[in-house]
Amino acid sequence: MISLTDFLIVSAALFCIGLYMVVSKHNAIQILIGIELMLNAAILNLVSFGKYDRFGNEGQTFALFAIVLAAATTAVALAIILNVYRRYKTIDPNKVDKLRD
Amino acid sequence: MNLMQILFYFMAFIAVASALMVASGKNLVRSIFMFFITLFALAGLYVLALADFVAITQIVIYLGGILVLILFAFMLSGKETLNFIREQKSQFISANKVLALLLAGLFFVALVIMIIKTDANNLAWVKQSIANNNVIVPNAVMTDNIGINLMTTYLLPFEVISILLLMALVGAAHLSRREGRAS
């Protein structure tokens, strides 16, 4: 059997790569991909602990909820990014600094 | 070292390596396609964690839905975005990158120290669930159980999340309308 620690270390690595992308990238779509990577690391944790709950299935059920929430997040975020691009002609979050024109 | 462990290390290596390529890639479209590989490797890891239903959901929703949505939004946003991204790549500030790398590295070290100190295999509730025979075994069929739990124990979160998804989709459709027609 694979130990839980291995799963946790893999998910910590993925989370840190996602964190690096969120902090360093200058492109909103790449930042979104970084957020997806962090969400996936969290889902991996939920699933690996969910192995020890055969009857309740808490881990796996909430992993499913997290996946669906990620889909909703992405749809709204992409719509916002498209609108920002239309208004500012850039999707660099550092340059978008006004709420209105 | 049995086959399952070899597969686990293989999948973990693919996931982490392709995630690193996503993070370091210069071309946005290429990094999106590398993200496909990361998500497939993660689905493999979910299978190895004995969560096959979650793995299938990951493939259907993440790969079929989210990534295709990102690709669509990217391709539909026109040639100017592509040009803009290319010119932006060249004038990269490296001090920002070094700081981000430092932050992520330190956070990773802190997480690994915490994980090793926690020693998840010997947690009280994990040991108790092993003693109570509450562990998913590799040949168990879990999908029925997940469906029953979703419709009984977790019915309220299930309904709430369906309303939330509907609201998010309506909101996304409203936000991405053209400016002129929206009042």
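1. Polar contacts between the chains. Let me start with the interface of chain B and chain A: there are 20 residue pairs in polar contact across it, counting pairs with both residues at pLDDT 80 or more. Keep in mind that this is a predicted model. On the side of chain B that touches chain A, the elements giving two or more residues are helix H1 (3–24), helix H2 (28–48), helix H3 (52–76), helix H4 (79–90), helix H5 (94–118), helix H6 (124–131), helix H7 (143–151) and helix H8 (155–175) of chain B. Sorted by class, that side has 64 nonpolar, 18 polar and 6 charged residues.

2. Area and contacts. How many residues of each chain take part? The contact involves 88 residues of chain B and 71 residues of chain A. The two chains bury about 7600 Å² between them, and 74% of that is on carbon and sulfur atoms. As for salt bridges between chain B and chain A, the count is 0.

3. Chain B as a whole. You'll find 8 helices and 0 strands here, and from the N terminus on the elements run α-α-α-α-α-α-α-α. Chain B has 183 residues, of which 36% count as buried. If you take the contacts in chain B between residues at least 6 apart in sequence, 51% join residues at least 24 apart.

4. Where A:Phe7 sits. This residue belongs to helix H1 (residues 4–24) of chain A. Buried or exposed? A:Phe7 has a relative accessible area of 2%, and because buried means under 20%, it counts as buried. Leaving aside neighbours within four places in sequence, A:Phe7 is in contact with A:Ile2, A:Leu44 and A:Ser48 in chain A, and with B:Phe8, B:Leu45, B:Leu48 and B:Ala49 in chain B.

5. Aromatic pairs, starting with A:Phe7. Over all chains the structure holds 7 aromatic pairs. In one of them, A:Phe7 and B:Phe8, the ring centres are 4.8 Å apart and the planes are at 70 degrees, so the pair is edge-to-face. This pair joins two chains, because A:Phe7 lies in helix H1 of chain A and B:Phe8 in helix H1 of chain B. A:Phe7 and B:Phe8 are both buried. There is also a cluster to look at: A:Phe7, B:Phe8 and B:Tyr9 form one aromatic cluster.

6. Another pair across the chains. Why is the pair of A:Phe15 and B:Phe107 tilted? The centres of these rings are 5.7 Å apart and the planes are at 35 degrees, and the angle falls between the limits of 30 degrees for stacked and 60 for edge-to-face, so the pair counts as tilted. A:Phe15 lies in helix H1 of chain A and B:Phe107 in helix H5 of chain B, so this pair joins two chains. A:Phe15 is partly exposed, with a relative accessible area of 25%. B:Phe107 is partly exposed too, at 35%.

7. B:Val109. Staying with helix H5 of chain B, B:Val109 is found there. Its relative accessibility is 45%, so B:Val109 counts as partly exposed. The C-alpha atoms of B:Val109 and B:Ile163 are separated by 39 Å, and the two residues are 54 apart along the chain.

8. A:His26 in a loop. Look next at the loop between H1 and helix H2 (28–50) of chain A, which is the place of A:His26. A:His26 is buried, with a relative accessible area of 10%. What does its side chain touch by a polar contact? The side chains of A:His26 and A:Asn94 are joined by a polar contact of 3.2 Å.

9. Positive phi at B:Leu50. This one deserves a look at the backbone: B:Leu50 is not a glycine, yet it has a positive phi of about 65 degrees. B:Leu50 is found in the loop between H2 and H3 of chain B. With a relative accessible area of 11%, B:Leu50 is buried.

10. Positive phi at B:Asn133. Phi is near 60 degrees at B:Asn133, again a positive value in a residue other than glycine. Where is B:Asn133 found? The place is the loop between H6 and H7 of chain B. B:Asn133 has a relative accessibility of 53%, and because exposed means over 50%, it counts as exposed.

Terms used
Residues are numbered from 1 along each chain as its sequence is written. Chains are lettered from A and ligands numbered from 1 in the order in which they are written. Side-chain values use heavy atoms; hydrogens and water are left out. Contact means heavy atoms within 4.5 Å. Buried area is the accessible area (1.4 Å probe) that two parts lose on being put together, summed over both. A salt bridge is a side-chain nitrogen of Lys or Arg within 4 Å of a carboxyl oxygen of Asp or Glu. A polar contact is a pair of N or O atoms within 3.5 Å; within protein, one must be able to donate a hydrogen and the other to accept it, and residues adjacent in sequence count only if both atoms are side-chain atoms. Helices (H or I, at least four residues) and strands (E, at least two) are DSSP runs, numbered from the N terminus. Ala, Val, Leu, Ile, Met, Phe, Trp, Tyr, Cys and Pro count as nonpolar, Asp, Glu, Lys and Arg as charged, and the others, Gly among them, as polar. Buried means under 20% relative accessible area, exposed over 50%, partly exposed in between (1.4 Å probe, protein chains only). Rings of Phe, Tyr and Trp (its six-membered ring) pair if their centres lie within 6.5 Å; planes under 30 degrees apart count as stacked, over 60 as edge-to-face and the rest as tilted.
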